[in-house]
Amino acid sequence: MEYDAPNPPSEHERPENTSFEPAIPPPNPPDLPYMTYVEAVVLSLMFIIFQVFIGVAISIAAIVFGFALGHSWHENPMLERPELFLAANVFAVFPLLVWGWWRSGQTVRDALGLLPFGWAALAVLVPLGIGTSVLLSELDNLVRWLFPQMPTLFLDVFETLFSAPLLGFLFVVVMAPFTEEFLFRGVVLRGLLRRHGPWGACVVSALLFGLINLNPPQIIAGSLVGLVLAAVHLKTGSVWPCVWLHAVFNAVPVAAFSLFPHEIQGFTSAPEPGVFQPLWLNALGVVLFAIGAMVFILPEHTVKDADRKGYLRD
């Protein structure tokens, strides 16, 4: 199986009065294999490293600014604002998207998968996203029960986000789906598909997506949701449905924390080994996931073979 860049439409295929010249012309990268598994791993590591360095830079700037206002470093209110550090997510991903576009030799649209898709898929992905979120939340509880000594990192950050509905919505439901889907389904998955088979590309991109969480209990759940998102991309040929599904998936806990007046054991309660979700919630998750999956596999949500050219070709 080979993967290569799409051929431009022939002269007679072009509609009248339509310019096919992209705003940003495709780059001309060196003739090197794209994308290898090693390059995918390096991109994921660079995403983490960039976030750390940008976070440190933001911390230093906050401390200096705090000193100017008369605050000591341990009393600096800016260091307690997680949105400053979550903004590092955006700045960290941008150079990697540019690198992926340049290495692909394609237009930005084709390199990142910013392609049209059937709008009906969005409605179908809602129950699929809700069901996936509920079931993987219970899987997270199971992992904590099996490995009670496993540390949970960044708990304070998540509690701050979920306790502030607007802040949580902005960063968890809007920002993270765009940045992470553009990188892991747009650059990494599409790049791997040009050189490797669908199984290897989907599994490797999903594992890398799980590992960048840096939170041991969530690595398994993150990898599984990465597989679901990879399957959605293969089905639709576009990164936009992946962004939407990721947003729905992330919106479930934010909405649960914000809208439900009572705590749901194992779902909105603090993580604790041996604490599981109510049976009714798990049953609801199974039903929603099954409905979404069964409807989504219907032919009308499948990308046309002609639109696959350039990232998945027999």
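A search of the whole structure, which is a predicted model, finds four salt bridges. The chain has 314 residues, of which 44% count as buried. Its secondary structure comes to 12 helices and zero strands.

**Salt bridges**

- The side chains of arginine 103 and glutamate 39 meet in one of these salt bridges, at 3.0 Å from N to O. Arginine 103 belongs to helix 3 and glutamate 39 to helix 1, so the pair ties together parts that are 64 residues apart in sequence. Both arginine 103 and glutamate 39 are buried.
- Glutamate 181 forms a salt bridge with arginine 185, and the closest N and O atoms are 2.7 Å apart. The two lie four residues apart in helix 7, so about one helical turn separates glutamate 181 from arginine 185. Glutamate 181 and arginine 185 are buried.
- Aspartate 110 and arginine 109 also meet through their side chains in a salt bridge, at 3.6 Å from N to O. Aspartate 110 counts as buried because its relative accessible area is 18%, under the 20% cut-off. Arginine 109 has a relative accessible area of 42% and is therefore partly exposed.
- Side chains of opposite charge can pair when their charged atoms come close.

**Nonpolar cores**

- The largest nonpolar core has 41 residues. Those with the most contacts inside this core are Met35, Phe47, Leu97, Leu183, Phe184, Val187 and Val188.
- At least two residues of this core come from each of helix 1, helix 3 (88–104), helix 5 (120–146), helix 7 (165–193), helix 8, helix 9 (219–236) and helix 10 (240–259). Helix 7 gives the most, with eight residues.
- Not counting residues up to four places away in sequence, valine 188 touches Met35, Ala40, Leu43, Leu183 and Ser205.
- A second, separate core has six residues, including Val252, Ala256, Ile264 and Leu281.

- Helix 3 has 17 residues and should span 24 Å at 1.5 Å a residue; its end C-alpha atoms are 25 Å apart, which agrees.
- The buried residues of helix 3 include Ala92, Val93, Leu96, Leu97, Gly100, Trp101 and Arg103.
- Within helix 8, buried positions are Ala201, Cys202, Ser205, Ala206, Leu208, Phe209 and Gly210.

**Surface**

- The chain exposes about 16700 Å², and carbon and sulfur atoms supply 71% of this area.
- A nonpolar patch on the surface is formed by Val41, Leu45, Ile49, Val52, Phe53, Val56, Ile60 and Val64, which together have about 720 Å² of accessible area.
- An α-helix has 3.6 residues a turn, so residues three or four places apart point the same way.
- Isoleucine 49, one of the patch residues, lies in helix 1 (residues 37–68). With a relative accessible area of 36%, isoleucine 49 is partly exposed.

**Contacts along the chain**

- Among contacts in the chain with a separation of 6 or more, 79% are between residues 24 or more positions apart.
- From the N terminus on, the elements run α-α-α-α-α-α-α-α-α-α-α-α.

Conventions: Residues are numbered from 1 along each chain as its sequence is written. This is a predicted model: local features need pLDDT of at least 70, side-chain atom pairs count only at pLDDT 80 or more; totals for chains, interfaces and linings use all residues. Side-chain values use heavy atoms; hydrogens and water are left out. Patches are made of residues with over 30% relative accessible area and no salt bridge: like charges are joined within 9 Å, nonpolar side chains (Val, Leu, Ile, Met, Phe, Trp, Tyr) within 5 Å. Accessible areas come from the Shrake-Rupley method with a 1.4 Å probe; for residues, only the protein chains shown count as cover. Buried means under 20% relative accessible area, exposed over 50%, partly exposed in between (1.4 Å probe, protein chains only). A nonpolar core is a set of buried Ala, Val, Leu, Ile, Met, Phe, Trp, Tyr and Cys residues joined through side-chain atoms within 4.5 Å. Contact means heavy atoms within 4.5 Å. The expected span of a helix is 1.5 Å times one less than its number of residues.
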